Amino acid sequence: MSSTRKLWLGLAALLLVTFGVLLWIGDEVHQQAPPLPHAVLTVDGQTLFTRADMEEGREVWQSIGGQQLGTIWGHGALVAPDWSADWLHREAQAMLELLARNQGAASFDALDAAQQAALRVRVQQELRNNTYDPARDTITVSALRAQAMAVVGAHYESLFSNDPATAHLRKAYAMRDNTVGDMEHRRMLASFFWWTSWAAATERPGRTISYTQNWPYDPVVGNTPTPSSLMWSVFSVIFLICGIGLLAWYHTAQSHKEAPATPPAQDPLAAFKATPSMRATAKYFWVVIALFLVQILFGATTAHYQVEGQDVYGYALANVLPYSLTRTWHTELAVLWITTAWLGTGLYIAPVIGGYEPKFQHLGVNFLWVCLLVIVVGSFAGQWFAVMDKMGLKYNFWFGHQGWEYVDLGRFWQIFLFIGLMLWLFLVGRALWPAIKRRDDTSSIVGLLFLSTVAIGLLYGAGLMWGEHTHIAMVEYWRWWVVHLWVEGFFEVFATAVISYLFVRLGLLRARSATTNVLFATIVFMAGGVLGTLHHLYFTGTTTAVIALGASFSALEVVPLALIGMEAYGTWRAQHMAPWMARYRWPIVFFVAVSFWNLVGAGMFGFLVNTPIALYYMQGLNLTPLHGHTALFGVYGMLGLGLMLFCLRGIKPEAAWREGWLRSAFWLMNIGLSMMALFTLLPLGLIQLHAALEHGYWFARSAEVMDTPLVHLLVWLRVPGDSLFAVGAVLIALFVASLWLVRGKAPAPATQAVRDGR
Amino acid sequence: MIEFYTQIKWVHIACITISGTLFALRGLLVQLGHGGAARSAPVRWFSYAVDTTLLTAALMLLTILPRAMFANGWLLAKLTLVVAYVALGMLALGRAHTPGVRRLCYAAALLAYLTIIGIACAHHPLGWLYLWLA
């Protein structure tokens with residue numbers, strides 16, 4: 001059996017087993033999810049909330065932006081509190097105050113330490129005791145707890161209205177006045193928040209840990225890390241070290257086995273004339289640039305809301321474009337422009353690989369582009385109407401704001417996007433088909449490319465697996481299929497296969513060794529990647545198996561990143577292998593940046609928040625966007641830009657490249673991103689971490705920490721880095737525009753190489 | 001951020017001074033035929049560092065100061081001149097093709113810079129003139 005065949009079988013077995021386990025875990029999550037009761041009653045039988053209240057409350061929460069305004073169980077936006085942690089702590093404090101007054105004290109603080117300790121134990125027992133009755137499908141609370149719930153409920157009803165008493169908090173949390181206009185909706189929203197906090201402290205039947213693995217950390221309610229969180233964190237580090245050792249051994253054993261390829265004298269791709277459909281992908285890259293610039297604008301606005309709350313330099317922007325919308329669009333546009341770059345690359349490269357232009361391919365490429373524009377404009381319009389309270393709950397799920405971070409589109413737009421991806425799969429697949437059938441040296445890489453194309457098309461379908469009232473634990477499960485498996489998993493396979501294929505076509509790599517390397521890299525990547533999805537789900541109402549598998553396998557995701565320097569060196573060396581490679585210098589430089597940020601953003605900052613014990617304290621603090629920005633832009637954004645530059649070389653082969661602009665853009669974006677990470681996100685995250693460790697998670701997210709001059713100063717320190725980044729982005733936009741707008745011919749490759757000093 | 005008003009204001013003033021002095025020196029180097037030194041990477045990146053810090057401090061002051069303070073339009077006048085100063089500065093430091101135009105732009109940029117300082121000190125669009133008349 002050939003080594004390629006063995007690797008294919010290995011990959012097939014790996015995907016079969018890991019997806020089987022992932023689906024089994026999904027069933028576990030479904031079976032063990034915290035119950036959403038028919039009713040919440042007091043001991044004397046009074047109904048506080050019904051399931052309909054809590055479900056409609058969740059719809060209200062989703063319609064105002066959901067995870068784009070504060071977080072639930074740690075997932076979402078970072079300026080407003082985690083509503084479950086906030087409610088839980090407020091409720092515990094309210095119970096302590098009520099008990100102290102029942103004992104005749106002026107307040108809880110007026111009691112001595114022994115009395116306070118006794119009351120804390122009582123409150124903990126009450127909050128942790130599971131009073132869910134499966135037979136009656138009800139939760140019963142004491143009169144004392146019902147009183148405390150009423151106090152916290154009143155606070156929330158005030159917060160989401162335009163009550164002047166809570167105006168300072170709305171400003172600190174970047175919430176617009178009257179976030180929820182209807183009083184009944186505010187009451188139902190509060191009931192949903194209460195239920196999420198109930199699950200966060202209530203112990204599972206027969207266990208001493210809560211439904212959310214004791215998350216959030218709050219000593220007042222007895223929420224502390226579980227033993228398995230610590231144990232599996234330690235194991236995961238050991239797995240990581242083992243994995244790095246094994247991979248280093250493999251690389252050493254495999255090196256020097258094959259002489260490097262001898263590149264041809266001429267650029268092999270220079271002879272390939274771009275087909276009409278390939279040229280038509282140019283408009284995808286114009287859209288990439290436009291969306292990228294708009295995304296930066298919304299990012300700056302979102303960051304600014306952290307200091308001015310509802311205003312932008314004195315203008316009351318929150319009245320027309322509140323934080324939850326700017327953040328929604330900022331995060332969605334990131335995914336959209338990066339996806340558009342990769343879709344465009346797929347459409348551009350497929351005829352090159354297949355060697356022919358399928359009939360009506362040009363029309364298909366144009367039609368898909370129009371569909372993508374309609375989806376962006378239509379879904380964003382729906383989200384504006386939803387968040388501004390102008391749509392109503394009836395249509396929100398289908399056309400408004402679903403409130404799930406990165407998958408915020410209304411269901412109609414999600415289905416439309418899914419159909420678009422199917423069309424993309426069809427267009428790329430049929431152009432690739434002749435190459436798959438050829439069964440030559442490159443057919444394995446092409447096969448992998450096709451597999452990733454199928455996976456990219458189909459896996460977005462995971463985002464259609466939940467309905468309007470699906471349990472939040474299951475929504476989170478499927479959502480991470482999209483965000484982790486789709487974006488972080490198969491796009492990565494696609495990119496690895498595309499880059500390897502390009503290097504083979506350019507004659508820089510031997511097809512045989514490239515095939516082995518790509519298949520092996522895919523196995524290594526997917527070995528951690530598929531079950532690594534679970535590390536996002538430690539605390540979303542799941543079981544201990546999620547902690548064990550998520551911690552172990554996500555640590556393995558870091559293994560290839562630790563050795564990525566080798567890949568970066570190989571990539572960097574490629575540009576010097578032939579004089580004509582100067583034509584591809586800038587795509588390659590961007591690919592090297594991908595390796596750098598893979599190590600720093602995905603590897604280092606990713607692992608910082610990866611282990612269960614670390615994430616227990618860090619989830620939803622600014623250490624999460626530290627990883628998010630450096631990995632999403634650093635890796636996938638840079639990759640998108642690199643791929644775009646490669647395609648532009650072929651789309652406009654005669655155009656002169658303003659390399660000075662590209663050089664400045666490259667360094668400005670990289671330095672700007674580094675400054676954002678080091679001057680703001682890292683120190684701010686560490687301040688929050690210290691606050692969480694000292695007082696509890698709720699405190700790290702509270703206005704007492706986030707609305708302080710020091711935090712504001714750190715946010716302001718984003719301006720220098722962000723300005724450099726923005727200038728870099730404008731330069732790359734000007735560069736792309738210049739390819740069409742400025743006349744001038746590219747110098748001959750040899751001349752260019754001489755000019756570059758080689 | 002009102003707590004840090006004094007510090008931010010001084011950072012702003014210090015950056016304006018450094019930025020203006022740096023531009024004057026770089027422009028002088030260009031005039032003396034040492035354009036390469038004026039445009040060398042360390043000098044450029046130092047200039048970016050100063051200018052982005054200056055911008056940060058300016059934006060912070062904008063959110064701290066009451067809007068009524070800008071009612072007479074002095075900020076708009078200042079910002080317009082800043083744009084002109086940046087454009088003239090780029091031309092003076094090498095973008096302009098002839099030495100004569102570079103010299104002219106250098107002088108005009110310095111004049112714009114001094115006018116900006118006057119407007120900022122006077123909090124009035126007339127700048128030095130307003131201070132003199134007052």
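In the predicted model, strand β1 of chain A, residues 39-42, is joined to β2(A) by 3 bridges, and the two strands run antiparallel. Within this pairing, A:Ala39 has A:Thr50 of β2(A) as its bridge partner. In general, the strands of a sheet pair through backbone hydrogen bonds, in either a parallel or an antiparallel manner.

Both strands belong to an open sheet of 4 strands in chain A, ordered β2-β1-β6-β5, in which the pairing is mixed. The edges of the sheet are formed by β2 (47-50) and β5 (132-133) of chain A. Each of these has a single partner strand, so one side of each is left without a neighbour in the sheet. Helix α2 of chain A, residues 51-63, packs on the sheet and touches β1 and β2 of chain A. The direction of α2(A) makes about 50° with that of β2(A).

A helix pair was also examined in chain A. Helix α11 (residues 323-354) and helix α22 (residues 623-651) of chain A pack with their axes 9 Å apart, at an angle of about 35°. The crossing of α11(A) and α22(A) is left-handed. On the side of α11(A), the contact includes A:Ala334, A:Ile338, A:Trp342 and A:Tyr348. On the side of α22(A), the residues that meet α11(A) include A:Leu632, A:Tyr636, A:Gly640 and A:Met644. By class, the contact of α11(A) with α22(A) has 10 nonpolar and 5 polar residues, and no charged residues.

Chain B is divided into two parts, domain 1 (1-65) and domain 2 (71-134). The centres of domain 1 and domain 2 of chain B, taken over C-alpha atoms, are separated by 15 Å. Each domain of chain B gives 10 residues to the contact between them. On the side of domain 1 of chain B that touches domain 2 of chain B, α1 (5-31) and α2 (35-38) of chain B each supply at least two residues. The largest share of this side, 7 residues, comes from α1(B). The side of domain 1 of chain B that touches domain 2 of chain B consists of 4 nonpolar, 4 polar and 2 charged residues.

The two chains also touch each other: 13 residues of chain B are in contact with 12 residues of chain A. On the side of chain B that touches chain A, 7 residues are nonpolar, 4 are polar and 2 are charged.

Technical notes
Residues are numbered from 1 along each chain as its sequence is written. Chains are lettered from A and ligands numbered from 1 in the order in which they are written. This is a predicted model: local features need pLDDT of at least 70, side-chain atom pairs count only at pLDDT 80 or more; totals for chains, interfaces and linings use all residues. Domain bounds come from an automatic or database domain assignment. Two residues are in contact if their C-beta atoms, placed from the backbone, lie within 7 Å. Ala, Val, Leu, Ile, Met, Phe, Trp, Tyr, Cys and Pro count as nonpolar, Asp, Glu, Lys and Arg as charged, and the others, Gly among them, as polar. Two strands pair if DSSP finds at least two bridges between them. Axes are lines fitted to C-alpha atoms, for helices over the stretch in contact, and angles run from 0 to 180 degrees between N-to-C directions. A crossing is left-handed if the near helix is turned anticlockwise from the far one by less than a right angle, and right-handed if clockwise.
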